[in-house]
Amino acid sequence: MKSRPSHFKSFLCVQVLVVAAFVLAFVLTDVQAKMHLQKEFLGKEPFTPVPIAIQQPLRIKPLYDRPDIVSDEDLAAVLNQILPRFENEHMKPNHIEHSLRTWGIHATFQNPEAVSGMTMLKFLTDHASYMESWGNEMKPLLEERPTGIAIRWGAEDGASYHHDHWLACVTEAGATLDTPIYGPSGRDMTLQNVLQESLRDFRLDEKETEWTAMGFGLWIAPTAKAWVGSEGRKFSFDLLAQRLMRGQKQLGVCSGTHRVYSLMMLIRLDDEYDILSDSIRGAVYRDLEQVRDMITASQFEDGHWTENWPDGKNAVENPIETELYKSVIATGHHLEWLSIAPPELHPPDAQILKAAKWIIQVTKDQTPEEIKQRYTFFSHVGAALANWRQVHPADFWHKWETEHPYQPETAAAE
Amino acid sequence: MSTTIEDLALEQNETSPVQYQTEDGSPNVALLQDRSPKWMRSSRAALVLTSALGILFLFASYMIPIWHTDIWGHLSYGRWIWEHGQLPDTEPLMPLSIGVSMIDTAWLSQLGSYLLYGAVGVSGIKFIFAASIVMTAGCISIPLLKRTNNLWAALLSVGVFFWVDYQQLLIVRPQLAGLVCFAAIFAMATSYRWRRAYTILIPLLFVLWANLHGSFVVGIAVLGALCVGRAIDVYLKTKRLKLVFAERRTRELFLVTELAAAAALINPYGLAIYSEVFAISSNTNLQSLLEWDPLTLRMKQGRAAAAIALSLVFLYRLSPRRVSFSEVLILVGLGGGALWTSRMIVWWAPVAAYYASLHLAAVWANWRGFPTVAERKGSTTIALLGILWIFIAISPMADAVRHGVPKDHKQALAKLRKNVSTGTPLDAVEYLKDNPPVGQIFNTYEWGDYLLWAGPKDLQVFVASHAHLIPTEVWNDYLQIQATAGNWSDKLDRYGVNAVVIDKQGRSNLIEALEGLPAIWEKKFANNTGAVFYRKKPI
């Protein structure tokens, strides 16, 4: 009879002990482990929104004003070629994104055929505007998710072509963090939601990370060097830089030149915000020096580079058969990253001059139809050349149009 | 033990003279009485069983080479922990997994085996491998022998366990430590008499288990099943719910299950150890590994399991022994787990071996009568200990303790070669050490662990057996490359792979494909097990 209360007491003691053990274990569990627990047992992702302290995105200022590389007249001629003359029907997000990053959100044009920066921004950020162009049958560009808003990307019609390209372009265009984003249901979203969703679903080993690096760098560099993704992996700008340097140099978007631009941008951000460790910064710098040496050796006599620029001297000695647009890609993109690179990462000045001369002439020689077909590549030429004059294309164009007003007859004759 | 004839003499009838000597003048041993404590006495059957386990120990020590996967990876993590004096919070060894969160559920096994390897070399690994198998077999067979007095049943349990689990046991990994804990806990929890010490011993064992391997949750599940099964049995017998918890064994099992679950929290990760166990088992990368496939009859272990399962059905039909609900729950639960993923067979086999032998002994007793209770003697225990000492003394571990670890590299390599599976890339690694590749390498999963362990310093291994720590994209790319599927060559370029280190088994297609690209790849090394290719122009 006496044993029953004693059993009950010991039973109760064990219950208290066990509950206390689990409570204590939970209290003592560190943040990372708690995230792990929540992920496995509650299905809650470890990602927590990354703090962003700025409303305006950072801008990487070009370092040179070189009229000897590109004159006002040549710059105007090139910019005139890449005016955003897009028809409203079936506007390609990839073209709009390229145009917007080049011209900026505040761009206006006297030419009525040209689409303003704000209109382009609206097309990319407002589902209703997108539907006006593509109709109801097309899948939305803006994908609403419980966790935020994402951009439909890939090779299919009406999609942004590259992952995070939309984000990088809207950011480079100067859109503020509170820019409203209207998805199909019109939920109250802003650019901040797109950015956080992108940070959340980022995968380091996906095929392209060039624009991710840009989009993230221009927003979070002042406040965060690292963050945790939805799977619990710790990401950092170090990792992003390593990923951008990985593999054969030509194997990246636009013959690998976007990787170079993104790496250069990370170095510039690191100058100001110390986002890279010393060892990784050193590795990135050495990588860019390699690129410098490769393009120094691989430039053709007339100033252009081809897509196999990483082959160095061999690219010139054993030239490959290639199409013009591929040389436009390589030459235009190299001029673009060089415009934000310190002089020690430049090939000899004469080579930059030659490259600029070649690309200006080629761009001027294109018919409107040819430009339309290869708009994205030529937009980089305009952006690069404006950088070499340390001027924003929209500002330059506005001033140019003030001095050289738009004349419909002349435009029609052209 | 002391045996005196003086005491015996007192007990003799004073009328009959004590014959201290036999007729031929030699001492009369019949007068000797066993004065050893009862707990120290052993039967001849125990001696035979010990000898059988000893033979199994030597067989595992000498005849089963160390498998080329897993253990080397675990040793590498153990080395990292030792060198850094801390546990990694992200994957530290594979460059393509940087930043991937890591909860090291086997840290104690890794550290322990690394230190043992450092002390006695590969013999130490062979020792823990063989000892784990024998201890598990012992935890099944010794209680069986005590319970049934049937030596053949006990020996059969060892045979069944080894037969069904053979493929799983081949791979040296922390799971073996988990298996020993499992068997020990199972033996205690199913013992005929519940001892109070078990209430302490079992949770203590769980503290150890939770730090040795993530499989401790299987132990908690088995304890839970034993408790639930017992409760059902009591209810079916009494039809009174109140009595279920009043029954001592049910209550003890319930409490010990709770205490075990709490004890497992004593680990460096606390509560997160539980979530990690579930995270690993549900990791999508593992779906492409054969050992995580469901158990089928196409597998040897599947056929063995099917045979034992059928035998169990047959034995249950014949056995006069009551079939407890607990054993049905455990057998069905663990069996179902094995059908889900074949790795679970490792837990099912000892349980099935135990119950099959238990019921076979009961059938035998029903048919031929109960075996006579064997005489237990202290002298048999002496013989048993002597046999144990002999088995240990002639093991590779004892040899290493006596003679030390070879200092000369060639001798060490020769010894290693004798002790590891032929699939171990010993020669390929020697080549890599002499000609260290620059940057990223591509290697097959099976070789990743040994490359991490023995490869040149800072070798950038692509994948290793800790597949759950590899980003899904990298793992999928790995699968494509090793199968020469899709744009595999382009992927090698994109990862900046400058050397390919691959085994021949199942990868001859990749070897042929690389041989077909002589402008890019040059075969630098090849032998019966694999090949090493270097990129002509490193990226």
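In chain B, strand β4 (residues 499-503) and strand β6 (residues 530-535) pair in the antiparallel sense, and five bridges link them. Within this pairing B:D503 finds its bridge partner in β6(B) at B:G530. The coordinates come from a predicted model, and the description should be read accordingly.

The two strands belong to an open sheet of four strands in chain B, with the order β3-β4-β6-β5 and mixed pairing. Because β3 (441-443) and β5 (521-526) of chain B stand at the edges, each with a single partner strand, one side of each is left without a neighbour in the sheet. When direction is ignored, neighbouring strands of this sheet are turned against each other by 20 degrees on average.

| Helix | Residues | Strands of chain B | Angle to β4(B) |
|---|---|---|---|
| α20(B) | 445-454 | β3 and β4 | about 115 degrees |
| α23(B) | 508-515 | β4, β5 and β6 | about 145 degrees |

Helix α20(B) packs on the sheet, touching β3 and β4 of chain B, while helix α23(B) lies across β4, β5 and β6 of chain B.

Elsewhere in chain B, the axes of helix α9 (residues 216-238) and helix α14 (residues 325-340) come within 7 Å and cross at roughly 145 degrees, and the crossing by which α9(B) passes α14(B) is right-handed. Among the residues that make this contact are B:A221, B:V222, B:A225 and B:L226 of α9(B), which meet a set from α14(B) that includes B:F325, B:L329 and B:I330. By class, the contact of α9(B) with α14(B) comprises nine nonpolar, three polar and two charged residues.

The contact between the chains takes 28 residues from chain B and 29 residues from chain A. On the side of chain B that touches chain A, at least two residues each are supplied by α11 (248-263), α12 (272-281), α21 (472-482) and α22 (488-494) of chain B, and α12(B) gives the most, with five residues. This side of chain B has 16 nonpolar, six polar and six charged residues.

Chain A itself contains 19 helices and six strands, and its C-alpha atoms fill a box of roughly 110 × 50 × 35 Å along the principal axes. Of its 414 residues, 45% count as buried. Among the contacts in chain A with a separation of 6 or more, 70% are accounted for by residues 24 or more positions apart.

Definitions and conventions: Residues are numbered from 1 along each chain as its sequence is written. Chains are lettered from A and ligands numbered from 1 in the order in which they are written. This is a predicted model: local features need pLDDT of at least 70, side-chain atom pairs count only at pLDDT 80 or more; totals for chains, interfaces and linings use all residues. Two residues are in contact if their C-beta atoms, placed from the backbone, lie within 7 Å. Ala, Val, Leu, Ile, Met, Phe, Trp, Tyr, Cys and Pro count as nonpolar, Asp, Glu, Lys and Arg as charged, and the others, Gly among them, as polar. Axes are lines fitted to C-alpha atoms, for helices over the stretch in contact, and angles run from 0 to 180 degrees between N-to-C directions. A crossing is left-handed if the near helix is turned anticlockwise from the far one by less than a right angle, and right-handed if clockwise. Two strands pair if DSSP finds at least two bridges between them. A residue is buried if 20 or more other C-beta atoms lie within 10 Å of its own, exposed if 12 or fewer, and partly exposed in between; C-beta atoms are placed from the backbone.
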